[in-house]
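Here is a friendly walk through one structure, from its strands to its helices and a few single residues. Keep the viewer open as you read.

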Amino acid sequence: MTRALILGGTSDANVLAAEIARAGFDAVYSYGGRTRAPAGQPLPIRIGGFGGVNGLADYIRQERITHVIDATHPFAAEMSRNAVAACAETQTPLIALERAPWAKVPGDHWIEVADIAAAVAALPKTPARVFLAIGRQHIAPFSEKPQHTYTLRFVDPPEGDLPFEADVIVSRGPFTLQSELEMLRSRNIGWIVARNSGGDGARAKIDAGRALGLPVVTIARPQLPERHRVESVAEVMAWLGHRACLGA
């Protein structure tokens, strides 16, 4: 009897959850807990951390999980590493649903960097208007360059004070190319800083930056342990043993 655990929080995970529910599989959808008002799901929801590798392994055993699907954000490195270790410990099959990263094309003004610190260093010394599309947990290092005017966008209103004054947009994606163009133009944005998340849900800002000829500082994904990885919901469903999914 299949009982799947979805480590979710992405638009891809939401599509997967709907397909799993439609197929009639027993499954639990787990949120990491960063979003205060997560989108509704057709599956039972669990919110919060597991307590590291041991906690996740205990949960897998106690809940009799037979399959784990890591559909977390490509930058949720700690959760992904914990999933690899916990599944190895419990001998539970693991698959990662991970979208392909965005690719640079001729004409792009990308500055590709390895991490947040390098992204801060990549910004100019002269004042600029910068859109930080990196999530609220990672903005503090940018206070090292206070000469810039920063625009931030969060799913939830920030709790407490920010490390610097900023123009804060509270909005949930996905966003369209037209809306991103309007946002960048209305704020006279000159630079974009974004993690290379890949996929279509957050791509519009990259396309908008490309259309406007803006420099885009792209932060590379963290290195993760080797694991079975696919890019489509259909592949995950086939892995679970469901053949007639998404018209495939």
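## The six-stranded sheet

Six strands build an open sheet, in the order β6-β11-β10-β7-β8-β9, and the pairing is parallel. At the edges sit β6 (109-113) and β9 (166-170), each of which pairs on one side only. From one strand to the next, the twist averages 20°. Please keep in mind that this is a predicted model.

For a look inside the sheet, take β7 (residues 129-133) and β10 (residues 191-195), which pair in the parallel sense over 4 bridges.

Which strands does helix α6 lie across? Helix α6 (residues 204-212) lies across β6, β7, β10 and β11 (215-219). Relative to β10, α6 runs at about 150°.

The buried residues of α6 are Ala-204, Lys-205, Ile-206, Ala-208 and Gly-209. The elements covering these buried residues include β6, β7, α5 (177-186), β10 and β11.

## Where α5 meets α6

How do the axes of α5 and α6 cross? The two axes come within 8 Å and cross at roughly 60°, and α5 and α6 are therefore oblique to each other. Their crossing is right-handed.

On the α5 side, the contact is made by Leu-177, Glu-180, Leu-181, Leu-184 and Arg-185. The α6 side contributes Ala-204, Lys-205, Asp-207, Ala-208, Gly-209, Ala-211 and Leu-212. Sorted by class, the contact of α5 with α6 has 7 nonpolar, 1 polar and 4 charged residues. Several residues named here also belong to the buried set of α6, among them Ala-204, Lys-205, Ala-208 and Gly-209.

## Where α2 meets α3

Another helix pair is α2 (residues 52-62) and α3 (77-90). The axes of α2 and α3 come within 8 Å and cross at roughly 50°, which makes α2 oblique to α3. In passing α3, α2 makes a right-handed crossing.

From α2, the residues in this contact are Gly-52, Val-53, Asn-54, Leu-56, Ala-57, Ile-60 and Arg-61. From α3, they are Met-79, Asn-82, Ala-83, Ala-85, Ala-86, Cys-87, Glu-89 and Thr-90. What classes do the residues of this α2 and α3 contact divide into? There are 9 nonpolar, 4 polar and 2 charged residues in the contact of α2 with α3.

## Strands β1 and β2

Strand β1 (residues 3-7) is joined to β2 by 5 bridges, and the two run parallel. Leu-7 stands opposite Ser-30 in β2. Why is β2 (residues 26-31) described as largely enclosed by the rest of the structure? The reason is that 5 of its 6 residues are buried.

Thr-2 lies in the segment before β1. Is Thr-2 buried or exposed? Thr-2 has 19% relative accessibility, so this residue counts as buried, the cut-off being under 20%. Leaving aside residues up to four places away in sequence, Thr-2 touches Phe-25, Asp-26, Thr-66, His-67 and Leu-240.

Phe-75 is found in the loop between β4 (67-70) and α3 (77-90). With a relative accessibility of 17%, Phe-75 counts as buried. Not counting residues up to four places away in sequence, Phe-75 touches Arg-195, Asn-196, Ser-197, Ile-219, Ala-220, Arg-221 and Pro-222. Phe-75 and Pro-146 are 71 residues apart in sequence, and their C-alpha atoms are 26 Å apart in space.

Ser-11 is located in helix α1 (residues 11-23). At 38% relative accessibility, Ser-11 counts as partly exposed. From Ser-11 to Glu-165 there are 154 residues in sequence, and C-alpha to C-alpha the two are 30 Å apart in space.

Terms used:
Residues are numbered from 1 along each chain as its sequence is written. This is a predicted model: local features need pLDDT of at least 70, side-chain atom pairs count only at pLDDT 80 or more; totals for chains, interfaces and linings use all residues. Side-chain values use heavy atoms; hydrogens and water are left out. Buried means under 20% relative accessible area, exposed over 50%, partly exposed in between (1.4 Å probe, protein chains only). Contact means heavy atoms within 4.5 Å. Axes are lines fitted to C-alpha atoms, for helices over the stretch in contact, and angles run from 0 to 180 degrees between N-to-C directions. Angles under 35 degrees count as roughly parallel, over 145 as roughly antiparallel, 65 to 115 as roughly perpendicular and the rest as oblique. A crossing is left-handed if the near helix is turned anticlockwise from the far one by less than a right angle, and right-handed if clockwise. Ala, Val, Leu, Ile, Met, Phe, Trp, Tyr, Cys and Pro count as nonpolar, Asp, Glu, Lys and Arg as charged, and the others, Gly among them, as polar. Two strands pair if DSSP finds at least two bridges between them.
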